[in-house]
Amino acid sequence: MNRYLKLVNFEFNRIAKVYFVLLAILLISQIAGVIFSSKNYLNETNRMIYEELIPKAEYLSRYGPMSMDQVLSSIWFIGPMALCVALVAFYIFLIWYRDWFGKNTFIYRLLMLPTARLNVFLAKITTILLMTFGFVAFQLILYPIESTILKWMVPKEFRVDLSVHELISSSGFLELNIIFPNSIIEFILNYGAGFVAVTILFTAIMFERSYRIKGILLGIGYSILAVIIFFAPIIIQEFLQRYYLYPSEILIVEVAMGIIVTCCSIWVSNYLLKKKIRI
Amino acid sequence: MIEVKDITKKFGRRKVLNGVSFTANKGEITCLIGINGVGKTTILNAIMNLTPINSGHILINGEKIKKESYEKITFIPDAITMLPQMRIAEAMGFMNDFYDCWNQERATELLGFFKLKESERISDLSKGNTAKVNLLLGLAMDVDYILMDEPFSGIDIFSREQIANVFTSHLIEDRGVIITTHEISDIEHLIDKVVLLDNGNVLKEFNAEEVRENENKSVVDVMREVFKA
Amino acid sequence: MNKYWKLIIIGIVIILSIGTFYIKSALTVSKYPEFVIEKQSGDESEVDNVVINGNYYARSTIGESLTLTSNGSKYKSEQSFLKQLDGYGGIASIRQLKEKHRNFMRGKSGSPDHFYEDEHYLVYGEVDYQVNSLSPRDFRFSISVLDKVEDKTNSFEIDVPDVKELDYMNVDDVQMMDGKLKIFTKNVTGGNEAVHLYSLDIASEKIVDHKEVISNEGLLENQSGQIMILSETNPMQKHQNVLFEKSVIEDVEQSEGYYVSEEVSSELVAYNLETDESHPIALPEKIHASEQRTMFDDSTIYFVEESPNDVVVTPYLLNEGIKGEFKFTLRDSKNNDASVEESKTITINNGKVYAVTMMMDAKKAAVLVVGSLKTGKTLYTGEIIPKDPLKDEIDSSLYVTDIQIN
């Protein structure tokens with residue numbers, strides 16, 4: 001356990017620099033986005049009201065008030081978020097392959113630690129989780145700050161203040177609901193499903209690292225099998241066209257399948273790491 | 001004692017190890033000799049459970065390798081096992097963090113011996129100094145066995161001498177060492193036991209001292225005989 | 001410990017930030033105002049079985065769904081997550097069936113038209129077919145009968161006979177009579193709709209009779225026939241008559257080959273299950289069925305007309321004709337006029353009409369009226385109002401989406 005924590009700390013520190021730089025980009029770009037969008041809106045408003053002499057009420061009903069909604073749809077806001085998602089997705093693979101490739105042979109060290117090799121696996125998956133939750137947490141902290149800046153810049157009668165949930169449902173980006181779900185239960189379910197997916201991917205990587213070219217096929221095969229097992233309750237119902245289970249029951253069964261698939265993945269990975277892995 | 005019993009290893013259809021057996025004792029330097037590509041590194045990897053073998057088994061002090069074994073046996077591969085962005089001090093800190101058998105005093109002593117600075121980054125080191133750090137990280141562990149893969153390859157002459165000096169020092173005393181090389185000259189006079197490998201087979205396993213005393217032959221003489229035949 | 005500072009910081013940030021976010025959103029839910037139905041006049045017990053679904057808008061952005069009964073309001077997000085999944089809102093009668101007969105209701109559709117219920121039996125009938133080929137095929141009835149007295153379920157499937165060239169079919173109503181299941185279906189062939197009646201013997205699990213009961217005949221080439229079942233106040237209950245609205249649609253050419261559909265004729269047809277006969281209903285001049293909301297409860301058709309402040313219901317008894325014209329006024333206690341575009345949600349149940357205006361905000365209360373369709377008397381009037389005065393007055397509003405009677 002202690003060595004597991006040390007490994008988590010070590011793995012996190014390895015990516016920390018890049019990670020904090022990305023957080024900084026997120027911060028700067030989004031705040032810049034808020035300022036630019038507000039400025040644009042104000043300029044446009046002034047022009048319309050003072051030059052085109054459109055009455056305020058008519059302007060508002062025609063063009064609508066300013067809100068975070070308009071900021072969200074700009075590349076300044078959504079761009080760095082996409083970058084963060086991309087980094088995590090990419091790092092799921094890199095976190096393993098960087099130990100094999102390159103000048104160093106750090107994987108020798110990791111595999112020769114006097115601790116269960118599974119701890120290396122768990123430390124890496126924990127790091128991925130920490131990175132993901134860190135981004136989510138940081139974005140949630142940023143949002144009220146950005147809203148406040150908008151409040152400073154745009155007068156109340158031209159502005160609608162939106163909460164995070166309101167923003168997501170009024171914007172077109174419903175995908176954001178996956179990242180910032182409405183309730184804590186959905187949060188746990190969404191990220192739980194993400195965790196299942198990452199363990200499957202990690203296991204596929206373990207297959208590849210154990211059997212190389214043959215391992216790619218084994219890894220893909222394992223992933224497909226895991227996905228089929230995971231969705232088996234739904235697939236069976238669709239196939240039979242018999243919707244026997246209530247949605248709540250499907251959810252419970254799916255949670256159980258998720259736990260089963262995760263346990264299988266970790267068990268298989270443990271076996272591969274202990275018996276089959278190659279440096 | 002490290003016992004390697006009848007291990008075979010295939011890479012695809014190619015058989016790299018074809019029933020290799022030998023033993024290495026504590027307090028002795030055992031040298032695996034063979035031209036490149038005969039599977040010397042594979043044997044060391046197999047001992048450390050870094051590559052699966054197809055058959056046979058390997059015992060360390062009578063037991064199969066397990067996670068606790070890594071406090072008793074260490075492996076110094078031919079490339080450094082630390083991240084290039086680390087400073088030497090950080091690399092030592094890492095070892096100290098994870099290994100109970102890490103001996104910080106000895107590490108400091110070795111730093112002085114190799115004339116290395118703690119604050120240097122591994123990526124900035126010369127090839128020779130990188131090899132020395134690699135060696136340092138292995139030697140500063142209080143382990144029973146040290147495996148070394150080609151410690152002299154591609155290193156300048158002065159570094160070689162420094163490294164060779166290690167073998168006669170108290171740093172090696174009482175430990176069991178397995179070393180691979182394709183060039184025997186630097187350490188010929190140091191080694192106790194020789195395992196000659198070719199085509200995945202052990203051609204000959206002999207005691208260097210005995211050959212020297214009884215047959216008045218050097219290790220190289222024996223190699224010539226064996227490989228010619 | 002110092003070494004772990006990055007990890008500790010990120011850990012604390014994650015827990016605090018995400019934790020606060022969800023605690024705050026949980027608190028927002030509990031901050032939503034509670035609504036009540038407040039009596040203005042009449043008998044309070046008249047609204048005991050009324051369920052009103054709606055959405056509350058705090059700042060005119062997203063609605064929060066809620067359900068309102070005589071006991072007060074409950075927001076969707078206040079319910080457990082699993083309950084929300086299994087269908088919050090929806091059709092009350094189906095939800096009740098699911099609560100009462102959870103296992104029987106597994107995999108059943110959510111349409112009351114597919115159910116029949118009396119004291120003894122709960123019956124479900126639906127048509128299944130394969131849609132994974134170009135045209136649907138393999139039509140079969142999927143029948144389930146629950147004997148509530150003996151607590152026994154019998155489910156079976158039967159192939160639908162004579163389905164050649166059928167595009168589509170859909171169950172309109174399920175009835176039971178003398179141990180036989182009567183299934184009315186709408187069968188669509190080449191764009192023309194016809195109503196078929198299948199009689200199934202439950203004991204032998206066989207189709208004993210099949211006939212086309214209503215169809216459109218003598219259609220011209222540019223015409224197509226449409227037949228719709230008249231919505232019933234309670235589709236699940238036993239009734240002797242089933243009513244259909246039959247209409248002919250004609251494609252009329254506008255300029256440049258652009259076509260629009262126009263209804264050229266429409267009439268109501270009643271099918272009597274006891275006599276097995278269908279006959280058209282000759283409506284009096286003053287009622288144009290197609291332009292009004294209609295509801296049917298076996299013996300009476302209710303024609304409903306709305307004006308901004310009134311609901312007018314004209315009952316038409318199948319064997320007696322028009323029986324009165326009843327007007328019910330919806331006006332809130334501040335005597336506001338309803339805006340012209342504002343419509344009402346109206347339902348009829350057990351000879352009573354329930355009407356509610358659709359919006360409530362700071363200026364205006366939503367009004368609920370219950371009226372008897374036998375006497376024309378207003379039995380109850382009430383208002384939907386917030387239990388405590390709204391804080392965010394100006395921007396808050398409540399929209400009623402539907403009213404149901406349990």
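In chain C, four strands build an open sheet with the order 9-10-11-12 and antiparallel pairing. Helices (H or I, at least four residues) and strands (E, at least two) are DSSP runs numbered from the N terminus, and two strands pair if DSSP finds at least two bridges between them. The model is a predicted one, in which local features need pLDDT of at least 70, side-chain atom pairs count only at pLDDT 80 or more, and totals for chains, interfaces and linings use all residues. Residues are numbered from 1 along each chain as its sequence is written, while chains are lettered from A and ligands numbered from 1 in the order in which they are written.

Back at this sheet, the edges are taken by strand 9 (168-177) and strand 12 (206-215) of chain C, each of which pairs on one side only. On average, neighbouring strands of the sheet are turned by 20° against each other, direction ignored; axes here are lines fitted to C-alpha atoms, for helices over the stretch in contact, and angles run from 0 to 180 degrees between N-to-C directions. Strand 11 (residues 192-201) and strand 12 of chain C run antiparallel and are joined by eight bridges. Asp201(C), for instance, has Lys206(C) in strand 12 as its bridge partner.

Chain C also holds an open sheet of five strands, in the order 4-3-2-27-24 and again with antiparallel pairing. Strand 4 (72-75) and strand 24 (359-361) of chain C stand at its edges with a single partner strand each, so one side of each has no neighbour in the sheet. Four bridges link strand 3 (residues 63-69) to the antiparallel strand 4 of chain C, and Leu66(C) has Tyr75(C) of strand 4 as its bridge partner.

Val312(C) counts as partly exposed because it has 15 C-beta neighbours inside 10 Å; a residue is buried if 20 or more other C-beta atoms lie within 10 Å of its own, exposed if 12 or fewer, and partly exposed in between, with C-beta atoms placed from the backbone. Leaving aside residues up to four places away in sequence, Val312(C) touches Glu305(C), Glu325(C), Phe326(C) and Lys327(C), where contact requires C-beta atoms, placed from the backbone, to lie within 7 Å. Val312(C) and Gly376(C) are 64 residues apart in sequence, and their C-alpha atoms are 10.0 Å apart in space.

Turning to chain A, the domain assignment gives domain 1 (1-180) and domain 2 (182-279), with bounds that come from an automatic or database domain assignment. The C-alpha centres of these two domains of chain A lie 27 Å apart. Across the boundary, 14 residues of domain 1 are in contact with 15 residues of domain 2 of chain A. On the domain 1 side, helix 4 (75-100), helix 5 (106-111) and helix 6 (117-153) of chain A each supply at least two residues, and helix 6 gives the largest share, six residues. By class, this side of domain 1 has twelve nonpolar, one polar and one charged residues. Ala, Val, Leu, Ile, Met, Phe, Trp, Tyr, Cys and Pro count as nonpolar, Asp, Glu, Lys and Arg as charged, and the others, Gly among them, as polar.

Chain A also meets chain C: 21 residues of chain C are in contact with 30 residues of chain A. Helix 1 (5-31) and helix 2 (81-85) of chain C are the elements that give two or more residues to the chain C side, with the largest share, ten residues, coming from helix 1. The residues of this side divide into twelve nonpolar, four polar and five charged.

The largest nonpolar core has 111 residues, of which Met82(B), Ala91(B) and Leu147(B) touch the most other members. Such a core is a set of buried Ala, Val, Leu, Ile, Met, Phe, Trp, Tyr and Cys residues joined through C-beta atoms within 7 Å. Helix 9 (residues 184-240) of chain A contributes the largest share of this core, eleven residues. A second, separate core of 69 residues includes Ile37(C), Phe328(C), Ala355(C) and Leu398(C).

Terms used
Two residues are in contact if their C-beta atoms, placed from the backbone, lie within 7 Å.
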